[in-house]
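Please examine the structure below, together with its sequence.

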Amino acid sequence: MFRSFLFTLVLAIVFFTAEQYRHPAWLHPQWKAMLLFFLSVSFLLHRLMNIGFENNREKFVQMYMASLVARLLLSLVFVGYFLYRKVELKQIFIVNFLVLYLCYTGFEIYTLSRNLRRDL
């Protein structure tokens with residue numbers, strides 16, 4: 001979980017610096033809510049994986065797939081909520097969200113594969 005927090009902190013520093021000094025057109029004003037969402041989803045899914053891994057190591061693949069589905073559904077609810085509230089700059093919001101979704105998913109896969117190599 002510490003790695004997810006550190007990853008989010010690095011992204012927050014990059015976004016904050018870009019917002020303060022460059023005023024990029026590609027960065028949506030709601031980036032803080034997106035990062036907070038992804039951090040909370042990472043924490044929730046990390047806890048889910050730990051609980052599943054402690055109880056039965058043979059169900060690791062099922063728990064991982066369940067966590068991916070949960071991340072996807074929570075993401076759809078999050079985007080749907082913001083679109084329902086008529087967020088401004090919808091296209092930039094969706095592109096920023098998808099890029100962060102891919103970054104966090106890639107980071108999770110990298111961390112998981114790194115941990116699995118160590119256990120072999």
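Which residues does Leu-35 touch, not counting residues up to four places away in sequence? In this predicted model, Leu-35 touches Thr-8, Leu-11, Ala-12, Phe-15, Leu-100 and Tyr-104.

Leu-35 is also one of the residues that touch the most other members of the largest nonpolar core, a set of 19 residues; Phe-38, Phe-78, Phe-93, Phe-97 and Leu-100 are the others. Helix 1 (2-21), helix 2 (31-55), helix 3 and helix 4 (90-119) each supply at least two residues of this core. Helix 2 gives the most, with seven residues.

The aromatic rings come next. Across the whole structure, a search finds 14 aromatic pairs. Phe-15 and Trp-31 form one that is edge-to-face, with 5.6 Å centre to centre and 75° between the planes. Because Phe-15 lies in helix 1 and Trp-31 in helix 2, this pair ties together parts that are 16 residues apart in sequence. Phe-15 is buried at a relative accessible area of 12%, and Trp-31 is buried at 4%. A tilted pair is formed by Phe-37 and Phe-97, at 5.9 Å centre to centre and 35° between the planes. Phe-37 belongs to helix 2 and Phe-97 to helix 4, so this pair ties together parts that are 60 residues apart in sequence. Ring pairs also link a cluster that includes Phe-37, Phe-97, Phe-78 and Phe-82.

Helix 3 (residues 60-84) has 25 residues and reaches 36 Å from its first C-alpha to its last. Among its buried residues are Phe-78 and Phe-82, along with Ser-67 and Arg-71. Helix 3 is followed by Lys-86, which has a positive phi, near 60°.

How values were computed
Residues are numbered from 1 along each chain as its sequence is written. This is a predicted model: local features need pLDDT of at least 70, side-chain atom pairs count only at pLDDT 80 or more; totals for chains, interfaces and linings use all residues. Side-chain values use heavy atoms; hydrogens and water are left out. Helices (H or I, at least four residues) and strands (E, at least two) are DSSP runs, numbered from the N terminus. The expected span of a helix is 1.5 Å times one less than its number of residues. Buried means under 20% relative accessible area, exposed over 50%, partly exposed in between (1.4 Å probe, protein chains only). A nonpolar core is a set of buried Ala, Val, Leu, Ile, Met, Phe, Trp, Tyr and Cys residues joined through side-chain atoms within 4.5 Å. Contact means heavy atoms within 4.5 Å. Rings of Phe, Tyr and Trp (its six-membered ring) pair if their centres lie within 6.5 Å; planes under 30 degrees apart count as stacked, over 60 as edge-to-face and the rest as tilted.
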